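Where do they sit, and what do they contact?

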Amino acid sequence: MREIIVEFTKTSKANGYKNKHIYYVVNILSYLARLSIKEGIDPLNLENKENYLTTLSKAVKQVDDPLDKAILEALATYDYLYCKPFVQQFYQSMIDEKQIIAAKETNSLWKNGDRLEEVYELAYKILDAGASGKILLDCCAANDMFLRHGAGKYQLCGFAPNDQATILTTAQLKLSDANSDIKEVDIVLDEYDGKYDLIFGDMHNFAYDQKSCPFNEDIFMQSMTLWQNIYHLFSLLSEHGKMVFFVPWIALDHLKGIQIRKELLRAKAIEKVVLLSQEAAMDQRFDCALLVFSHGNDEVTFIDGRKEDIIFSLQSMIKKTLKADEITSLNVF
């Protein structure tokens with residue numbers, strides 16, 4: 001199947017499609033192929049928009065699973081984007097070979113996808129080993145890369161930044177036979193509440209403007225918003241829960257976030273700060289970090305994993321442990 005993806009990607013890029021768009025197409029077509037192969041739904045007719053919508057409407061009537069039905073209905077609300085011969089051929093090849101595409105096979109379509117998956121795996125291991133509860137939330141869900149780790153063990157919830165990401169994440173988790181509750185929520189602009197046992201957020205991507213210099217005021221304003229969001233999300237964390245955020249290094253000590261960081265330290269909310277190498281970052285010129293939060297931390301452990309393999313960063317020999325009430329900056333190395 002990887003060979004099929006490679007060929008489809010080459011053809012897509014030749015037609016001007018970018019990686020993120022290709023990722024979306026591959027996963028949605030794989031989901032639709034799954035319905036055709038496993039659920040007995042007739043293959044969709046992708047020759048033109050009218051035929052696509054007609055067969056999509058027919059599929060809605062055929063499926064019994066309410067989540068599958070909701071995804072198909074949501075897909076029908078989009079303008080038709082995929083009436084290209086190479087898309088038709090790609091979809092038909094999956095049907096003919098009775099294959100669907102595993103989630104990990106699409107990671108390479110994301111910039112730095114393999115390294116990002118390693119960071120997500122480390123974040124999940126921290127949460128899974130150190131918290132109790134049933135509800136796992138990805139508050140920045142743009143794909144299923146994080147939530148798939150908790151499939152079969154936790155109730156999967158997500159806040160997706162737009163309806164496209166909502167459909168994509170839900171459908172991709174369905175490919176793993178995992179039901180989920182993904183909502184379209186802008187964590188900057190929308191009001192939201194709830195209670196969650198394990199929370200993850202990829203805010204290094206959310207907060208970082210790759211077109212700006214890291215010392216640009218716009219970056220610092222975004223970093224300030226990042227801390228406001230972290231503070232609010234910590235208020236939604238259950239008593240014995242844990243949360244982890246992937247952040248740009250500039251968020252650790254800039255003045256724009258100092259008051260919120262002080263408040264979180266006073267609340268004994270910060271457990272660990274794990275510095276990661278530049279290889280893990282969206283912009284690989286700069287370092288990034290994992291921030292770990294929980295309740296009742298009199299001390300904070302700082303781990304410098306920049307010279308280590310990401311997955312083994314927590315075992316790095318370069319560590320410092322400081323009392324929470326003595327910390328003035330989260331960037332101690």
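**Charges, contacts and a surface patch**

Arg-34 is buried, at a relative accessible area of 5%. Buried means under 20% relative accessible area, exposed means over 50%, and partly exposed lies in between (1.4 Å probe, protein chains only). This is a predicted model: local features need pLDDT of at least 70, side-chain atom pairs count only at pLDDT 80 or more, and totals for chains, interfaces and linings use all residues. Residues are numbered from 1 along each chain as its sequence is written, and side-chain values use heavy atoms, with hydrogens and water left out.

What does Arg-34 form a salt bridge with? The partner is Asp-177, and the closest N and O atoms are 2.1 Å apart. Asp-177 lies in the loop between H7 and E3, while Arg-34 is in helix H2 (residues 19-38), so the pair ties together parts that are 143 residues apart in sequence. Helices (H or I, at least four residues) and strands (E, at least two) are DSSP runs, numbered from the N terminus. Asp-177 is exposed, with a relative accessible area of 57%. The buried member of this pair is Arg-34.

A salt bridge here is a side-chain nitrogen of Lys or Arg within 4 Å of a carboxyl oxygen of Asp or Glu. By this rule the count comes to 16 salt bridges. Asp-65, Asp-68 and Lys-174 are linked in a network of them.

Other bridges sit within a helix. Glu-121 and Lys-125 meet at 3.5 Å, N to O. Both lie in helix H6 (residues 113-130), 4 residues apart, about one turn of the helix. Glu-121 is partly exposed at 28%, and Lys-125 is partly exposed at 41%.

Helix H10 (residues 258-266) holds another such pair, Glu-263 and Arg-266, 3 residues apart, about one turn of the helix. Their closest N and O atoms are 2.9 Å apart. Glu-263 counts as partly exposed at 30% relative accessibility. Arg-266 is exposed at 56%.

Asp-163, Glu-184, Asp-190 and Glu-191 form a negative surface patch. Patches are made of residues with over 30% relative accessible area and no salt bridge; like charges are joined within 9 Å, and nonpolar side chains (Val, Leu, Ile, Met, Phe, Trp, Tyr) within 5 Å. Asp-163 belongs to helix H7 (residues 163-175). At 39% relative accessibility, Asp-163 counts as partly exposed.

Asp-186 lies in the loop between strand E3 (180-184) and strand E4 (196-202). The side chain of Asp-186 reaches the backbone nitrogen of Val-188 at 2.9 Å. Asp-186 is partly exposed, at 28%. The C-alpha atoms of Asp-186 and Asp-138 are separated by 13 Å, with the two residues 48 apart along the chain.

Is Asn-297 buried or exposed? Asn-297 is buried, at 11%. Its place is the loop between strand E7 (288-294) and strand E8 (299-304). A polar atom of the Asn-297 side chain lies 3.0 Å from the backbone oxygen of Ser-294.

Finally, look at helix H1 (residues 2-14), where Glu-7 lies. Glu-7 is partly exposed, with a relative accessible area of 48%. The C-alpha atoms of Glu-7 and Phe-86 are separated by 9.8 Å, and the residues are 79 apart along the chain.

Technical notes:
Areas by Shrake-Rupley, 256 points an atom, 1.4 Å probe, with all protein chains shown as cover. Lys, Arg positive; Asp, Glu negative; His and termini not counted. Charge placed at Lys NZ, Arg CZ, Asp CG, Glu CD. Polar contact = N/O pair within 3.5 Å; in protein donor to acceptor, adjacent residues only side chain to side chain.
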